[in-house]
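Here's a walk through a protein model, sheet by sheet and then into its core. Keep the picture open beside you as you read.

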Amino acid sequence: PVLKQGKPVENEVEKQTNEDGKVTVTLNQVRAEEGLNKIKVILRKPSGEVLGVRTITKKWVSPSIRIFKKGPKKGILGEKVIFEITFDNPGDADAQEVVVTDILPEGLTFVAGSASLRPDEIKNNKIYWKIGLLSSKAKMRKITLAYKCMKVGKWDTPAQISSKNTP
């Protein structure tokens, strides 16, 4: 391996061309996140003499999904409270198999039929929406829903978003 400041360069590959002077090298992204890779290509004669050096820069793109939830921190016993979940993907790539999950805190119950987007599943204290594809640079999407206050007190109501191709 070639040494750079006394340390081996990671993932260095030396390949020989075929009879037609062609070679293929595959660069695989380790994880789905944005960033730049700089690839240095050195072309040598069979004798080792350098014919040319080029640096190629590859920009990796990925989704960048975000979620926000707003609503009151407390309510009146027996009354409904309205929450709004918004989410988007400002990243440079589409997010695949997106799922939005709302976690109900103790003391609140979901009001059936109140969601602006019908949930795909309600299980234990979680509500799931299978969004599917969330395009890059798409507008903010919104789900509005109601809970009924079953207990006096303050609550924290987190929402989560996940996708197949995001870290």
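Strands here are DSSP runs of E, at least two residues long, numbered from the N terminus, and two of them pair if DSSP finds at least two bridges between them. In general, strands of a sheet pair through backbone hydrogen bonds, either parallel or antiparallel.

Another 4 strands form an open, antiparallel sheet in the order β9-β10-β7-β12. Its edge strands, β9 (121-123) and β12, each pair on one side only. Here the twist averages 20 degrees between one strand and the next. β9 and β10 run antiparallel and share 3 bridges, and K123 stands opposite K126 of β10.

## The core

The largest nonpolar core contains 24 residues, and I85, W129 and Y147 are among those with the most contacts inside it. Such a core is a set of buried Ala, Val, Leu, Ile, Met, Phe, Trp, Tyr and Cys residues joined through side-chain atoms within 4.5 Å; buried means under 20% relative accessible area, with a 1.4 Å probe and protein chains only. Elements giving two or more residues to this core include β6 (80-88), β7 (95-103) and β10 (126-134).

## Rings and charges

Which rings pair up, and how are they placed? F83 and Y147 form a tilted aromatic pair, 5.1 Å centre to centre with 55 degrees between the planes. (Rings of Phe, Tyr and Trp, its six-membered ring, pair if their centres lie within 6.5 Å; planes under 30 degrees apart are stacked, over 60 edge-to-face, the rest tilted.) F83 is in β6 and Y147 in β11, so the pair ties together parts 64 residues apart in sequence. Both F83 and Y147 are buried.

K69 lies over the face of F83, 5.0 Å from the ring centre. The charged end of K58 sits over the ring of W60, 5.4 Å from its centre. (That takes NZ of Lys or CZ of Arg within 6 Å of the ring centre and within 35 degrees of the ring normal.)

## Reading notes

Residues are numbered from 1 along each chain as its sequence is written, and side-chain values use heavy atoms, leaving out hydrogens and water. Because the model is predicted, local features need pLDDT of at least 70 and side-chain atom pairs count only at pLDDT 80 or more, while totals for chains, interfaces and linings use all residues.

Terms used. Buried < 20%, exposed > 50% of the residue type's maximum accessible area, 1.4 Å probe, protein only. Axes fitted to C-alpha atoms, helices over the stretch in contact; angles between N-to-C directions.
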